[in-house]
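Hi,

Here is the model I said I would pass on.

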Amino acid sequence: MKKPVAVGGERDLAHAPTLVTFQGVSKTYDGKVHVVKSLDLTIAKGEFLTLLGPSGSGKTTCLMMLAGFEVPTSGEIYLGDWALSKKPPHERGIGMVFQNYALFPHMTIAENIAFPLEVRGMNRASVKEKVTRALDMVRLPQVADRKPSQLSGGQQQRIALARALVFEPELVLMDEPLGALDKQLREHMQYEIRSLHMSLGLTMVYVTHDQTEALTMSDRIAVFAGGHIRQCADPRKLYEEPSDGLVATFVGESNRFDGAITGRDGDVVTVTTAAGTRLRAAAIDVGSEGSAAVIVRPENVRVGAAASGLDDTIAGRVADVVYHGDHLQVHIAAEGLDVVAKQSARDVVAPRPGDEIVFGFSTAHARAYDPARTDH
Amino acid sequence: MSQSTMPLTPLERLSGWALAGFAALTAIFLIAPILAILPLGFSDGEFLVYPIRHFSMKWMEAFFASEKWAVAVKNSFFIGALSAAIATVLGTMAAVGLARHDFFGKKLITGLVLSPLVVPIVIYAVGLYFFFAPLGLTQTYTGIVLAHAALGSPFVVVTVGASLAGFDHNLMRAAASLGAPPMLAFRRVMLPLVLPGVVTGALFAFAASFDEVVTVLFLAAPDQRTIPREMFSGLRESLSPIIAAASIVMMATAIVLLIAVELLKRRAERMRNEA
Amino acid sequence: MTDVTAAERDLVRAHARAERGRRWTAFFLVAPLFVFLIFTFLVPIGDMLRRSFMDGDVASVWPQTVAVTRAWDGSGEAPAALWPALAADIKASAASDTVAVAARRLNYAIDGGRTLVMKAARRLAKIETPPNGDWRAVFADLDETWVAPKTAAAIRRASGPVTDFYLLAALDLRKTDAGAIVTTPEKDRIYRTVLWRTFSVSGMVTLFALLIGYPYAYLMTRSSKRVAGVMTVFVLLPFWTSLLVRTAAWIVLLQEHGILNDLLMRIGLIDHPLRLIFNRVGVVVAMTHVLLPFMVLPLAAVMKGIRPETVRAARSLGATPMTAFRRIYFPQTLPGVAAGALLVFISAIGYYITPALVGGADDQMLSWFIAFFVNDTINWGLAAALGVVLLACTTVLSVVYAKIATGRRFA
Ligand SMILES: Nc1ncnc2c1ncn2[C@@H]1O[C@H](COP(=O)(O)OP(=O)(O)OP(=O)(O)O)[C@@H](O)[C@H]1O
Ligand SMILES: [Mg+2]
């Protein structure tokens, strides 16, 4: 049994044995475009790995190759010590939850959940018992004799989960399993999946579009773009220290300032924007000349008095202030850009639209990237 | 009439009535001839004409007592069932294959597979007559069953294809991920869901054979009778009310088939809504 | 650099291999039906159509003659070697009772060819060796026609192995002795008339089915569920009823003392029975009835997909009901009209049973003539040639139909 851990993304998996290995995996559907390009990735036992990335970046394709519904055009995937290339999907023992749930419409809920047990030749009594337990696990014992069409979307989701887990697979794959649910139900299910993952000690590979979902649920997140993994790290590192511009802009909100590098001092570069403003930023993915994109998170933009202690500040005009309940978003028009700053809603003096204002950020919070590897 | 809530002009109202009247006449045109022949099966006259002076079971009894017609009825059902079975197995497999991936020559193969629907039956019958003769297949039931299976198979391909069009292939992937090997997944998941299409296709194939006379005329030996063949020669020669008696049997079969197909259609629709 | 391209080439090759595997699975599923249909459908039809240009009859029974005629270019006098060869062949074929095959074939090529050959067969049997060894003289003595230059030319043209004779004949064309293609004289023309009749009967049936079926389908799609259900049953019941039952029903209705004549006479509209059957009227009426469901069902399918808002929008924009129908509704139903009309027309041009039973001698269509030439006159070549014409029409129309049908699916 694993100890329950309070904060997601901070479990120590460094010493867990490896369960899945992608080794130089490439995939093309048409013989021309490479959807996945020589991918190397290892997934530890018990890990919750999320694949995140823009549409068409190859996430589903990776999942399908792991499940056996697509064959890697080259390279090999290992599950434990087995090479998977010769193993048909039904022998892999990998649980999968499909985006539209793929419940069998002609079978009752109980029959759906019993299906993987029956095809494994389990006897009736144990099947019945396991089905009951699975239904209890997802807290839907009363729906056993209904057809899938008689369930709500959230209930169907949970049944799909129960069906994928009932035969106790080590590895469970989920392709945007919560995409069709409304926000509240989704947050609830996120919690349930997360706690099932922990209590059952499962290894999960999870695909989502929703970066909040990725950040809150995962041990590690792999950011996909154009068939490559751009960064694979735990959520905190991914959010706070993105390794390239695309990851920085794709995960979380960000402000972007483009300019030319005009100086470098160790790990800090000076970037001059077209309007002539000089910004100092940590050099992450840039050299000592050429152009750069400076990325700053909205919560790190200091506005008005809070900016007074900074070396460099920029002047702008408040364009709009949007109330979000727990915080305010201040939109500032400066240098032809729309800069967003996040402020606590409890601040006594909220700026008002039309105010002239200065803002800035500390060098530690500004990160300079290669613009070519920042655009989506 | 249309459930339009718009106010109607008198002209519109008039044309609405005219349309309804016209449709009623069309309905009569469609159904009356079929109904008109049936009572003649209970006539006591010698010819297939009205008026019926006295009702009698004479011809019905003659029909069921006749050795000739008994053979014809038995043969029609036998040939129909056997050819429908062949057509259903081959047609279902082909429909599943055609619904999956593209492959070289798929369009051409689809065209060939469906062509028995449109090729004029006389051309086919004559072709078989020439082709089967040296193979010893003329004047055999085997020859007729093969011909009818070929004629029935496109119905199966079309109906199974239609039910596969609404089939979610993720279900097969789900079944595989849950551990079902391909054949088991087909039997437990795909087949139950496309079954209405398969059965409908089988019924169409049966009906096509049950009603087919041209290939039988060319291929069958004189004593290899079927109901349509006996009706054809009866209509050419004697025009006796026994034809009406045979029509009653054919109609009863048709109504059973019609009801079965409509029920299956409903079932498939229900399943689609559930999916 | 070369490394990358090599790796890429491997990738492409691996991909191609995976794709092939997939295709094979699909192909293996289709293969059983495909092979079955090749042997029970495609090959038999091909075998029949082949007879439209194969010409092996004469060659099969008169091998020596054919050897001579095939070596000859056909101009001028017939080669001297023809006569002994011909005599030997005629005698041999008469002895083995196969001379009729050649006689039948030559009858198409030479006026009175059958009599000519059969007479020669009888007479030559008695002649062992000709006087002076001159077989030509013997033939001249039998009948002057034998030694006319065009006779030898005709035998040559009938020597096979292929001929355009039947295909031309099926279109009322023939080749003159000089090799030019000309139209058969007016009085001998048959097949163009038959072809035209086939098209005109089918066209009429299609037109009537459309005129009757369109309003019916329209009403069917706009009625309440219950009425629509009943209307659908009225279409489906004939659809499932045996063609022979329906044809018999029309005989009952239309015959001289049938229900319709009876009714008309009783209400005093006519005073002696109308001739309604064993003529064109009977054929068109019965075929329209039989094929009407094939018009109504595709029409109704298309009409169901038309959203009534479009007509309402037209009305709200000021269109009269008539204009709204003509400009908005009708154009949207055109795919259904085309599909239904093609379906009915394609079926109609191949019809055999219904015209055979309710038509007269002048109402028989192409299919009837094909059956007739096979069964009664054993003119297989012509039957096959007519089959080619019929199948060509069907194929063209089917391809158009397929284009329309798939076009609709994508729209
Ligand atoms: N079966 C297929 N045949 C051909 N191309 C495909 C197929 N499936 C996916 N692709 C292509 O491969 C690329 C990657 O697709 P994939 O579904 O893996 O993306 P994804 O990251 O899951 O996107 P999304 O977030 O939209 O689901 C896309 O360009 C897509 O068009
Ligand atoms: Mg996807």
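First, the ground rules. This is a predicted model, so to speak of a local feature I need pLDDT of at least 70, side-chain atom pairs count only at pLDDT 80 or more, and totals for chains, interfaces and linings use all residues. Residues are numbered from 1 along each chain as its sequence is written, chains are lettered from A and ligands numbered from 1 in the order in which they are written, and side-chain values use heavy atoms, with hydrogens and water left out.

Let's start with chain A. Its domain assignment (bounds from an automatic or database assignment) gives domain 1 at 18-245 and domain 2 at 255-373. Taken over C-alpha atoms, the centres of these two domains of chain A are 39 Å apart. Nine residues of domain 1 and seven residues of domain 2 make the contact, where contact means heavy atoms within 4.5 Å.

The two domains of chain A bury about 690 Å² between them, with 41% of it on carbon and sulfur atoms. Buried area here is the accessible area (1.4 Å probe) that two parts lose on being put together, summed over both. On the domain 1 side, A:Tyr239, A:Pro242 and A:Gly245 lose the most area to domain 2, together 57% of what that side buries. Helix α7 (residues 235-240) of chain A gives the largest share of that side, three residues; helices (H or I, at least four residues) and strands (E, at least two) are DSSP runs, numbered from the N terminus. By type, the domain 1 side divides into three nonpolar, two polar and four charged residues.

Now for chains B and C. Here 79 residues of chain B are in contact with 80 residues of chain C, and the area buried between them is about 7300 Å², of which carbon and sulfur atoms give 84%. Helix α1 (residues 10-37) of chain B supplies the largest share of the chain B side, 14 residues. That side divides into 64 nonpolar, 10 polar and five charged residues.

How many salt bridges are there between chain B and chain C? The count is zero, taking a salt bridge as a side-chain nitrogen of Lys or Arg within 4 Å of a carboxyl oxygen of Asp or Glu. Over all chains the count comes to 28. One of the salt bridges brings together the side chains of B:Arg188 and A:Glu118 (3.1 Å, N to O). This pair joins two chains, because B:Arg188 lies in helix α8 (residues 182-210) of chain B and A:Glu118 in helix α2 (residues 109-119) of chain A.

Last, a sheet in chain A. Five strands form an open sheet in the order β15-β19-β16-β17-β18, with antiparallel pairing; two strands pair if DSSP finds at least two bridges between them. At the edges are β15 (302-303) and β18 (337-344) of chain A, each pairing on one side only. Two bridges join β15(A) to the antiparallel strand β19 (residues 356-360) of chain A, and A:Arg302 stands opposite A:Gly360 in β19(A).

Cheers

Key
Ala, Val, Leu, Ile, Met, Phe, Trp, Tyr, Cys and Pro count as nonpolar, Asp, Glu, Lys and Arg as charged, and the others, Gly among them, as polar.
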